[in-house]
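Subject: Structure handover

Hello,

I am passing this structure on to you, and my notes follow below it. Please read them with the model open beside you.

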Amino acid sequence: NLIMGAEMARAVRIRLGALLASTLLLAPASALRLAVAPALMTRAASRITMVAGKLPPEALVPRGTVSKNLFQNLKQMQDQRVARASHLLLAPGKCTLPIAEAKALMESWKREIGDDAEKFAEKARIASHCPTAAKGGDLGYLVRSSCSETFNQVLFEQPPGSVYGPIVTPAGLHLIYVASCQEPRPNAEHAKARMPWDRN
């Protein structure tokens with residue numbers, strides 16, 4: 001009985017293998033492409049999210065949350081742009097100035113910096129209370145879900161290449177330099193990669 005059971009299982013496996021092979025041979029190329037593409041895109045997307053979209057863990061910036069507003073969630077899903085930004089922070093407890101004076105100080109820094117990325121990084125290294133000061137305030141590449149809506153209104157609604165703020169968040173007062181904001185593009189590794197059906 002055991003021998004017969006093993007032989008039957010083997011026969012079933014052979015039949016299933018033959019059926020699968022014939023299905024693949026008869027299936028149109030477009031169907032095969034659709035079957036393979038999602039897996040490749042999922043792997044590519046997981047690589048991209050490792051590079052972009054996550055704030056440095058030490059950054060004192062309010063994180064994004066899942067909104068209860070359906071339209072806000074749709075906006076996050078539909079807007080795939082990636083922003084590169086830096087910030088300069090005056091944090092409560094570390095800055096002893098009254099809020100009005102702290103804002104006035106930041107306005108003076110903003111005029112001093114202009115829209116110069118190097119001057120912004122230099123000022124951030126000297127004056128920012130965020131641990132990112134060591135990197136000139138660099139926050140890396142961000143997507144809409146990375147930061148709070150207050151930050152998003154600057155990162156994704158204002159033209160790149162300028163300094164904005166001061167804005168107020170629970171972390172303190174921020175000046176934000178938006179270096180760029182654009183649709184994601186494949187890196188060199190992805191650009192060289194080809195889909196299986198494009199290979200000779």
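Contact here means heavy atoms within 4.5 Å. Axes are lines fitted to C-alpha atoms, for helices over the stretch in contact, and the angles between N-to-C directions run from 0 to 180 degrees. With that in hand, helix α5, residues 117-127, lies across β1, β3 and β4 and runs at about 40° to β1. Please keep in mind throughout that this is a predicted model.

Overall make-up

The protein has 7 helices and 4 strands. Along the sequence they follow the pattern α-α-α-β-α-α-β-α-β-β-α. Of the 200 residues, 34% are buried. The accessible surface comes to about 13100 Å², and carbon and sulfur atoms account for 61% of that area. Among contacts with a separation of 6 or more, 70% are between residues 24 or more positions apart.

The sheet

In what order do the 4 strands of the open sheet lie? The order is β2-β1-β4-β3, with antiparallel pairing. The edge strands are β2 (138-142) and β3, each of which pairs on one side only. From one strand to the next, the twist averages 30°.

Strand β3 spans residues 162-169 and contains Pro-166. The peptide bond from Gly-165 to Pro-166 is cis, with omega near 5°.

Helices on the sheet

Helix α5 has already been placed across β1, β3 and β4. Helix α4 (residues 99-113) lies across β1, β3 and β4 as well, running at about 170° to β3.

Salt bridges

How many salt bridges does the structure hold? There are 3.

One of them joins the side chains of Arg-84 and Asp-138, at 2.8 Å from N to O. Arg-84 belongs to strand β1 and Asp-138 to strand β2, so this pair ties together parts that are 54 residues apart in sequence. Arg-84 counts as partly exposed, because its relative accessibility is 26% and the partly exposed range lies between the 20% limit for buried and the 50% limit for exposed.

Another is formed by the side chains of Glu-112 and Lys-123, at 3.5 Å from N to O. Since Glu-112 lies in helix α4 and Lys-123 in helix α5, the pair ties together parts that are 11 residues apart in sequence. Glu-112 has 48% relative accessibility and therefore counts as partly exposed, whereas Lys-123, at 15%, counts as buried.

There is also a salt bridge between the side chains of Arg-144 and Glu-157, at 2.7 Å from N to O. Arg-144 is in the loop between β2 and α6 (149-155), Glu-157 is in the loop between α6 and β3, and the pair links these distant parts of the chain, 13 residues apart. Is Arg-144 buried or exposed? With 3% relative accessibility, Arg-144 counts as buried. Glu-157 counts as partly exposed at 42%.

A buried loop residue

Thr-132 sits in the loop between α5 and β2. Its relative accessible area is 0%, so Thr-132 is buried. Which residues does Thr-132 touch, not counting those up to four places away in sequence? They are Glu-58, Ala-59, His-87, Gly-137, Asp-138 and Leu-139. Asp-138 is also the residue that meets Arg-84 in a salt bridge.

Cysteines

A disulfide is a covalent bond between the sulfur atoms of two cysteines. A search of the whole structure finds 0 disulfides. Cys-147 is buried, with a relative accessible area of 2%. Cys-181 also counts as buried, at 18% relative accessibility.

Regards

Conventions
Residues numbered from 1 in each chain as written. Predicted model: local features only at pLDDT ≥ 70, side-chain atom pairs only at ≥ 80, totals over all residues. Heavy atoms only, no water. Helix = DSSP H or I, 4+ residues; strand = E, 2+ residues; numbered from the N terminus. Pairing = 2+ DSSP bridges. Salt bridge = Lys/Arg side-chain N within 4 Å of Asp/Glu carboxyl O. Buried < 20%, exposed > 50% of the residue type's maximum accessible area, 1.4 Å probe, protein only. Areas by Shrake-Rupley, 256 points an atom, 1.4 Å probe, with all protein chains shown as cover. Disulfide = S-S within 2.5 Å.
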